[in-house]
Amino acid sequence: MKNFKFWAAAFCLTVVFSVNAQEKKKFKVHTVAFYNLENLFDTINDPTKYDEASPMMELKADRSEVYKKKVHNMARVIADVGSDVTNNTPALIGICEVENINVIEDVVNDPLLLGKDYGIVHFDGPDNRSIDVGLLYQKSLFQVVSKSTHTLKIYDDKTRKRVNTRDQLLVTGKLEGETMHIIVNHWPSRSGGEARSRPKRVAAAKLNKSIIDSLQSIDPYAKIITMGDLNDDPTNSSVKDVLKAESDKNKVDFKGIYNPYIDMFKKEGLGTTAYRDAWSLFDQIMITKPFLDKDYSNFTYYKAGIFNKYYLVNKKGRYKGYPLRSFADGGFTNGFSDHFPVYIYLVKEVKDIDTTTETEVKKN
């Protein structure tokens, strides 16, 4: 394994990529992330939605204060993801488990994020629990070209009634002038058991693959990022057999998909959420082959990670070591989420650089 040095430039999102003692290349680096915000609901009972069963609405008192703390905690994590390398918040971050546009606006207007001037892409979806997906983007870095929402049609295996679940969000835009496509997912849960619910997530994967295929039919070299809480691990059939995601960059076909989280799960035993003392890696970010090209004149994949800093981890009790979730035992914990965020770095070579400060990072 080679070691590479990064110098994260103060205020300018530029790094130095030291290939060896003689050769140094200068790169711009951005974080692309995904975060399940764990039941980010407001305190207002919407009679048109089934939001009264949310943890926020189930609180008996202090809802307004809890809501403010919850929003601030979400903003704190978003502000922190990738910042140790980029000295910036994520250029793009997909989110899920948000009730409406209002709660997202409250997050991006938190003092920790307000100065970043985040834009929001969000559609009200059909989910029975009234939770949606969305995309946040720094307006100075990313310009939205088009956006669309894609409905997943699935049915209960016993009643055959339609199951309303989260739409898949497609956003096409330009990251510093370079076109790329982002799909934000929150696939059906494992309610009723993994085996019984599996066909629903396979159906979600097929919809996701259909969106990717459509983009690649227009442009075979399309740069596509698909991210989300899949409620499946990287080794489950939805990801492995439907998306045909590869763990080895060298085995990714021309229109194939690379999933850096496969080896994290299989070889390192890492996860983003835990249940009954078992870790799952449901939160993933996958990319198409053009991001793997070594033409650093365009944005290229550098590495991926799970953002599991110490303050996001439960320190005590029966859930010690788990993600420090916001709600437990009918109350607010002042925690964050039952999922850790995930992220990737995209890098692009530049010719000029300002004053830098040194930071060490290891290449995957």
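Reader: Let's start with Phe27: why is Phe27 called buried?

Author: Buried means under 20% relative accessible area, exposed means over 50%, and partly exposed is in between (1.4 Å probe, protein chains only). Phe27 has 1% relative accessibility, so it counts as buried. Phe27 lies in strand E3, residues 24-40; a strand (E) is a DSSP run of at least two residues, a helix (H or I) one of at least four, and both are numbered from the N terminus. Phe27 and Leu346 are 319 residues apart in sequence and 9.6 Å apart in space, C-alpha to C-alpha.

Reader: Where do these numbers come from?

Author: This is a predicted model, where local features need pLDDT of at least 70 and side-chain atom pairs count only at pLDDT 80 or more, while totals for chains, interfaces and linings use all residues. Residues are numbered from 1 along each chain as its sequence is written, and side-chain values use heavy atoms, with hydrogens and water left out.

Reader: What makes Glu38 count as buried?

Author: Its relative accessibility is 0%, so Glu38 counts as buried. Glu38 is placed in strand E3 too, and its phi is near 45°, a positive value in a residue other than glycine.

Reader: And why is Glu176 called partly exposed?

Author: Glu176 comes out at 28% relative accessibility, so it counts as partly exposed. You'll find Glu176 in the loop between strand E10 (168-175) and strand E11 (178-186). Glu176 isn't a glycine, yet it has a positive phi of about 50°.

Reader: What makes a space a cavity and not a pocket?

Author: On a 1 Å grid over the protein atoms alone, a cavity is a set of points where a 1.4 Å probe fits but cannot get out; a pocket is an open set with protein on both sides within 12 Å along at least five of seven lines, and lining residues have an atom within 4 Å of a point. Grid points are joined across faces, edges and corners, and a volume is the space filled by probe spheres set on the points. The count comes to one cavity of 30 Å³ or more. The largest cavity has a volume of about 70 Å³, and its lining includes His122, Phe123 and Asp124.

Reader: What is the volume of the largest pocket, and which residues lie nearest its centre?

Author: The volume is about 1,500 Å³. The lining has 46 residues, of which Thr273, Tyr275, Arg325, Asp338 and His339 lie nearest the centre. Strand E15 gives the largest share of that lining, three residues.
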